[in-house]
Amino acid sequence: MTIELRQRLRGASLCTAALLIMLSAVAVGEEPVTSIYDRKAKMTDDALAGANVPRQYRGATVVYSSAVTAFEGDLRELPKVAGWKPGDPIKEIPRRNNRQEDYVQPGPPANPVKWEIDPLLERQAAVTRGTAIRTFDPPELSFPGTPFNGVTPADPVGDVGANYYVQMTNTSGGSAFTFYDKNNGAVVAGPSTVDNLGSSQCASGLGDPVVLYDESAGRWLISEFSSFGNRLCVYVSQTGNPITGGWYAYNFPATNFPDYPKYGVWSDAYYVSSNENQPAAYALERNAMLNGQAASFQRLTAPSLAGFGFQALQPADIDGSSAPPAGSPGYFMRHRDDEVHNAGSNNPGQDFLEVWEFDVNFSNPALSSLTGPFNIAVTEFDSSLCGLFSFSCFDQPGGGSDLDPLREVIMWRLQYRNFGSHESLVGNLVTDVNGNDRGGVRWFELRRTGGNWSLHQEGTYSPDSDNRFMGSAAMDGDGNLAVAYSVSSTATFPSLRYAGRLATDPQGTLPQGEVSLIEGTGRSNSNRWGDYSSLNVDPVDECTFWYTMQYGAVGNVWNTQIGRFKFDSCGGPVGGTCGDGELQAGETCDDGNGAGGDGCSASCQVESGFVCTDPIPPSPGGNLVADPGFEGGTPNPSWNEASTNFGTPLCDPVSCSFGGGTGPLSGSWWSFFGGVSGVLESGSVDQDLVIPVGADTLTFWLEIPAVNTTGSVTASIDGNVLFTATQADAPTYAVYDQVSLDISAFADGGVHNLSFESTTNPGAGPLNFMVDDIEINGPATGGSPSVCTPISGDVLCDVESTQASYVTGEQIGLSTLRYANLSGSSLDTRLRLQLSYSTFFTANLIDFSFVLPDTADFDVAPLGLFNVSSSLPRGTWTFRCALEDPVTGAVQAEDLSNFEVQ
């Protein structure tokens, strides 16, 4: 059968008269609420000026229910996108402005901004880590993605799931997807166009791809818009296996052309935004889509901002296993540079982030609402990059086309995490950092602890004269943050880099970078640059960042790159090493060797016919430092103590003041160096300890709360100074900050002396250094690798084939279906039934997973299985019953039964 024949209708739309319902909005409280057609008036002056006076727009203006079709094929069998060759045509997808009829060009701000350099740059420049090691390393895996394919921009996007990384880009025939093995970057399926999964308008896609992994459901979503009919074409994988498990296909009509659609996974809906005549927000019925049912969607709009012709919100997208609190609305955001968007009443000291809340009611659309903006003041930024409408701004070597800054939107993605103690929203935008059109990345983290959202931290990253833009920001499960972006200037071909911060780094700074993913080797002949990129966090370990974007390549075209990286402190080595006896991301077993044929393959995957236990992880080594928090007091049984003026630097709140600081980091005692005005003060603590092989990091916490003179504090092993901080480092350590030092050179199993020493010189007042909670962890111990044992199973199926031929609507039945679990193992196994002609399997008739019961046999009475969708050709047909591994597809047992069609 053809691919088209393998698609079958799985639902029906609501009655034709209800395909498009325009609902009148109802009043809420004292606020008048109008329909979309009456809502072109600008927001009120107090809302634009930053007051938290949100309005509620109630009643969905568009309600539609999409039927669902299903693609039941194998993605590996789809036609591949043909490669581009020099001389082939190049297609450019136009960037759309949607200016309102009442658009007014903004005039000069009533209150001019007085700064010329971004106020946050100084904070970033002041950050120093001394001699501490950097924990952000070059990418562990970096490999080419889609090469130049004759269309600009590429719109590269990606996401990572349990087993695959998926990249999507534009092509001259719509969007295309490629599935990669996330262990090694090998192509599993594609590149193939999304058109292959769709029908009607969605059989002709135009681009702007999006791919998301729905972590809580273990499913995939991919999307593009159609080339005609203003459709959002959305596909959800039927199972956790996107390659052979099938896809549900949906076709949603937008009111206007849904330019620049962005999606977010949320608990109650898939939320979508787009650049239309007004900023549009959609809610798609997630639960129905996950279950392959006809699904409705609703549309609401936010009022437009002055100054931009390109208008779009950005929906929040969940990362992590913790869902938002019950009843949480879907969140959307945009930024507002009030020198542009409300120039007549601007605040010269701050700009704003707007939060919007979408409460969807799929049962009663009249009760759905979009509420906002909730205004959050941030440090001034500058959206005027080569003006407000230019699509060419950032330089490339050799002159010619400059690159689009895409100043108008918060960039993909707006990441949401629920840490339990607080909720977090992380995002970024581009800003002019010096008033001369030099692009920098302004990143931010909002937090909520049960009340309203508030700004937790913000920073601007622009460490040199290059432009940094088109960023994507995300936070791992430990609260460490990374930002990845494009870099370009007259001296730098368009390149890809990233920077980051540990959760313990000074707020508003990215001290852990900058690192190159790939450096450009050529310029772009087009000003269109990507439109968006994608930084995602691996859902398996919640530590590994994956990034994709385009870069400048030889021949003045773009290529794309895919890379992964992580912070050393989060969850152990990236990807691990197959054969080390520890289960890492992408491994389904690890039996402690790199060989195959023993149940666990050379790539650490469970082999067909085996069941493997999960490895038992080793126990982390304990702290080798005796009394690391000085809780033994003084005289201390573990530390040698000395002080010129006090006898000991060890303090508790009873014996010492806090010296301008916060006292002990934990417990009741800490080491307090300094504290004398006009007098030389020297102090030290030290101890001897054994540093075994494998113990490679010393960490401690440092605070410098009072600075009135000069001096220093050092950390040493055997008299070798590994770290020094002086009064100049006080901004970095104004509050306790953790220092990490590499001590692998001393990890030889011998006895070594660990010491902390400080000297403060006479001055007008004290210089204080606080040290607490010192740690050197020993190597991990214990643990055991996977144990793999053979399994045995049996399956038997006989076809009831009394008919000579089959026509549309008739059933093929089984006279016998039996499977046996001969080993007695409890195993997640898929029973798969297929109909084939010759040796090519053309239809998956039943495809589901269940746990094999611990019984010898299981029999099924005669069972009707399949309504034939078309007459079967003459010849010998084969019915296949198979027991398969649901992840790898490895066959554990199978039985074939033939029947003739005359």
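Here is a friendly conversation about the sheets and cores of this predicted model.

Colleague: Let's begin with the open sheet of 5 strands; which strands stand at its edges?
Modeller: The order in that sheet is E37-E38-E45-E40-E43, and the pairing is antiparallel. An edge strand has a single partner strand, so one side of it is left without a neighbour in the sheet.

Colleague: What is the bridge partner of Cys 651 in E38?
Modeller: Strand E38 covers residues 670–673, and E37 pairs with E38 over 2 bridges in the antiparallel sense. Within E38, the partner of Cys 651 is Trp 670.

Colleague: Now the open sheet of 9 strands: how many degrees does the twist average from one strand to the next?
Modeller: This sheet has mixed pairing and runs in the order E2-E23-E22-E21-E20-E24-E25-E26-E27. Strand E2 (55–58) and strand E27 (454–461) each have a single partner strand, so they stand at the edges. From one strand to the next, the twist averages 25 degrees.

Colleague: Which residues touch the most other members of the largest nonpolar core?
Modeller: That core holds 85 residues. Another core, of 34 residues, lies apart from it and includes Phe 630 and Tyr 733. Back in the largest core, the residues touching the most other members are Leu 75, Phe 177 and Phe 252.

Methods:
Residues are numbered from 1 along each chain as its sequence is written. This is a predicted model: local features need pLDDT of at least 70, side-chain atom pairs count only at pLDDT 80 or more; totals for chains, interfaces and linings use all residues. Side-chain values use heavy atoms; hydrogens and water are left out. Two strands pair if DSSP finds at least two bridges between them. Helices (H or I, at least four residues) and strands (E, at least two) are DSSP runs, numbered from the N terminus. A nonpolar core is a set of buried Ala, Val, Leu, Ile, Met, Phe, Trp, Tyr and Cys residues joined through side-chain atoms within 4.5 Å. Buried means under 20% relative accessible area, exposed over 50%, partly exposed in between (1.4 Å probe, protein chains only). Axes are lines fitted to C-alpha atoms, for helices over the stretch in contact, and angles run from 0 to 180 degrees between N-to-C directions.
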